[in-house]
Amino acid sequence: MKLILLGAPGAGKGTQAARISAALGIPAISTGDIIRSAIKTGSPLGLELKSYTDKGALVPDELVVALLQDRLKDADCENGYILDGFPRTIEQAKFLDRAVHIDRVVNIVVEDEVIVRRMGGRRFCPTCHATFHTVYSKPQVEGICDHCKAPLTIRDDDKPETVLHRLKVYHDQTEPLEAHYADIMLSVDGTRDVEVIASEILEGLKA
Ligand code: AMP
């Protein structure tokens, strides 16, 4: 099964992608994670990518499409995958239309005010990419990753002024994709308990 997770930054796409991935046995592919890994290498491409993510701007379509194309060649993508954070523009959706058959799109709906509150508490493990939250998903030890014990950080693009800009970019460029995928889209209310949302998504995907 090939799935897309749509939703504003901070709507819970990464959290739900991990649950769907575990339940269906297909990889969750986050273009945000791919981009952050490229930035960590410090390569010229990494530096270019960082100049966009730091501002809360989208990385140009041709760069992110090339990174995703590479990842989709990996053997674990053979039986399907969950795309988390891609597509984010109509151009990216058109690339997917040409390249693959998408079965379903899950749209996680959360109001802007809730997003702003949530993202302020978001913490990220720079080593294994696990995400935590100071209120909703606390690590066992404050400030430390449960999995690899690295100190947690705040992503530059989770800073308040950047969050507001990312929401504007989402409304301008990504929200129009809801119409593009209307026929195969399942919308869920992303403000409820993580497990409740996950079961609603998995039930919806069976239908
Ligand atoms: P995310 O972790 O999905 O919120 O992505 C973090 C940042 O990576 C975004 O704010 C963008 O700058 C960039 N990014 C991730 N996915 C895409 C995409 N599909 N198109 C353009 N930029 C992206």
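**The ligand site and the aromatic residues**

Good morning. I begin at the ligand: a polar side-chain atom of arginine 36 lies 3.0 Å from one of the ligand's oxygen atoms. The protein buries 96% of the 480 Å² that the ligand exposes when taken alone; such areas come from the Shrake-Rupley method with a 1.4 Å probe.

This is a predicted model, in which local features need pLDDT of at least 70, side-chain atom pairs count only at pLDDT 80 or more, and totals for chains, interfaces and linings use all residues. Residues are numbered from 1 along each chain as its sequence is written, and side-chain values use heavy atoms, with hydrogens and water left out.

Which side chain has an N or O atom 2.8 Å from a nitrogen atom of the ligand? That side chain belongs to glutamine 92. Arginine 88 also places a polar side-chain atom 3.0 Å from a ligand nitrogen atom.

Around the ligand there are 16 residues, counted if a heavy atom lies within 4 Å. Among the nearest of them are Thr31 and Gln92.

I turn now to the aromatic residues. The structure holds 1 aromatic pair, where ring centres must lie within 6.5 Å. Phenylalanine 86 and phenylalanine 95 form this pair, with 6.2 Å between centres and 85° between planes, an edge-to-face arrangement (planes over 60 degrees apart).

Thank you.

Methods: A polar contact is a pair of N or O atoms within 3.5 Å; within protein, one must be able to donate a hydrogen and the other to accept it, and residues adjacent in sequence count only if both atoms are side-chain atoms. Rings of Phe, Tyr and Trp (its six-membered ring) pair if their centres lie within 6.5 Å; planes under 30 degrees apart count as stacked, over 60 as edge-to-face and the rest as tilted.
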